Amino acid sequence: MRPSEIHKVKGILITLSGPSGVGKGTVISRLMELSPEIKHSVSVTTRPPRPGEIDGVQYYFTDKEHFENMINEGEILEYDSYCGHYYGTPRKPIVDAVENGDVTILDITVPGSLSVISNFPEAVSIFLLPPSFSELIRRLESRGTESPEVMQKRLAKAYHEIEMTQNFDYVLVNDDLDQTAGRILAISEAEKHRYKRLKGIEEALLKH
Ligand code: 5GP
């Protein structure tokens with residue numbers, strides 16, 4: 001029996017950060033195949049779509065003016081500027097998901113994760129590391145979606161992001177997709193059973 005069958009439990013917000021090319025997007029797609037309970041928050045960005053990216057699926061693509069309007073209207077939960085473009089998490093779907101008890105995963109930058117953690121202390125932060133820095137370079141090169149100039153910027157960012165690993169609750173080395181996804185599911189499962197998420201369950205139980 002799950003605690004949620006006795007007592008209303010809020011959802012879990014998981015932030016997933018890690019350097020560009022580490023495989024966050026692929027891990028999230030695998031997680032959603034493995035568990036219908038995991039929802040991915042679709043971010044808003046001013047970066048142009050890559051070939052094959054669809055508006056509303058990978059991102060909501062927009063321009064700078066509209067993005068700044070959304071910030072001013074309070075529609076953005078957190079945002080960051082990364083390699084010359086804005087990226088932000090729409091607020092409403094997250095607030096609704098937490099109320100509904102869903103597990104929501106955010107693929108966001110390190111400052112984005114730090115901002116979520118300070119606003120939602122119950123959020124869980126995970127940092128994804130590559131098996132080595134040379135493997136990260138290889139993965140970014142083989143993706144082939146960035147110009148050499150943008151790739152250099154992303155690698156310089158990656159170096160500093162990896163130095164921020166200590167700020168995260170959990171650290172996973174992404175050398176095997178299924179193992180990484182399985183570990184995230186295990187973290188999410190364990191987090192659901194933390195007493196701080198289940199406060200009052202004993203009283204609810206004693207009434208029955
Ligand atoms: P990409 O251009 O490779 O899709 O994403 C670049 C970076 O932006 C990645 O590190 C990704 O995690 C981050 N990112 C994507 N969406 C958001 C968001 O809503 N907020 C923040 N802070 N970062 C995001």
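This is a predicted model: local features need pLDDT of at least 70, side-chain atom pairs count only at pLDDT 80 or more; totals for chains, interfaces and linings use all residues.
Residues are numbered from 1 along each chain as its sequence is written, and side-chain values use heavy atoms, with hydrogens and water left out.

**View A. Strand E1 and its parallel partners E7 and E8.** Strand E1 covers residues 12–17; helices (H or I, at least four residues) and strands (E, at least two) are DSSP runs, numbered from the N terminus. Six of the six residues of E1 are buried, so this strand is largely enclosed by the rest of the structure, where buried means under 20% relative accessible area, exposed over 50% and partly exposed in between (1.4 Å probe, protein chains only). Ile 12, Ile 14 and Leu 16 are buried on one side of E1, and Leu 13, Thr 15 and Ser 17 are buried on the other, so that both faces are covered. E1 runs parallel to strand E7 (residues 103–107), to which five bridges join it, and parallel to strand E8 (residues 124–129), with four bridges; two strands pair if DSSP finds at least two bridges between them. Thr 15 has Leu 106 as its bridge partner in E7.

View B. The ligand sits in the largest pocket, a pocket being, on a 1 Å grid over the protein atoms alone, an open set of points with protein on both sides within 12 Å along at least five of seven lines, and a molecule sits in one if more than half of its atoms lie within 2 Å of its grid points. The ligand is surrounded by 16 residues, of which the closest are Ser 43, Arg 47, Tyr 59, Tyr 87 and Asp 107; a residue is near a molecule if one of its heavy atoms lies within 4 Å of it. Among the polar contacts (pairs of N or O atoms within 3.5 Å), an oxygen atom of the ligand lies 2.7 Å from an N or O atom in the side chain of Ser 43, a nitrogen atom of the ligand lies 2.8 Å from a polar side-chain atom of Glu 78, and an oxygen atom of the ligand lies 2.4 Å from a polar side-chain atom of Asp 107. Of the 510 Å² of accessible area that the ligand has on its own, the protein covers 96%, by the Shrake-Rupley method with a 1.4 Å probe.

**View C. The hairpin of E5 and E6.** Strands E5 (76–82) and E6 (85–90) each supply at least two residues of the shell around the ligand, and they pair in the antiparallel sense over six bridges. Tyr 87 in E6 stands opposite Asp 80, and Thr 45 also stands opposite Tyr 87. Two residues lie between E5 and E6 in the hairpin, and Cys 83 in the turn has a positive phi of about 50°. At 19% relative accessibility, Cys 83 counts as buried.

**View D. Arg 47 in its loop.** Arg 47 lies in the loop between E3 and strand E4 (59–61) and, at 8% relative accessibility, counts as buried. The C-alpha atoms of Arg 47 and Asp 63 are separated by 8.3 Å, although these residues are 16 residues apart along the chain.

Methods. A polar contact is a pair of N or O atoms within 3.5 Å; within protein, one must be able to donate a hydrogen and the other to accept it, and residues adjacent in sequence count only if both atoms are side-chain atoms. On a 1 Å grid over the protein atoms alone, a cavity is a set of points where a 1.4 Å probe fits but cannot get out, and a pocket is an open set with protein on both sides within 12 Å along at least five of seven lines; lining residues have an atom within 4 Å of a point.
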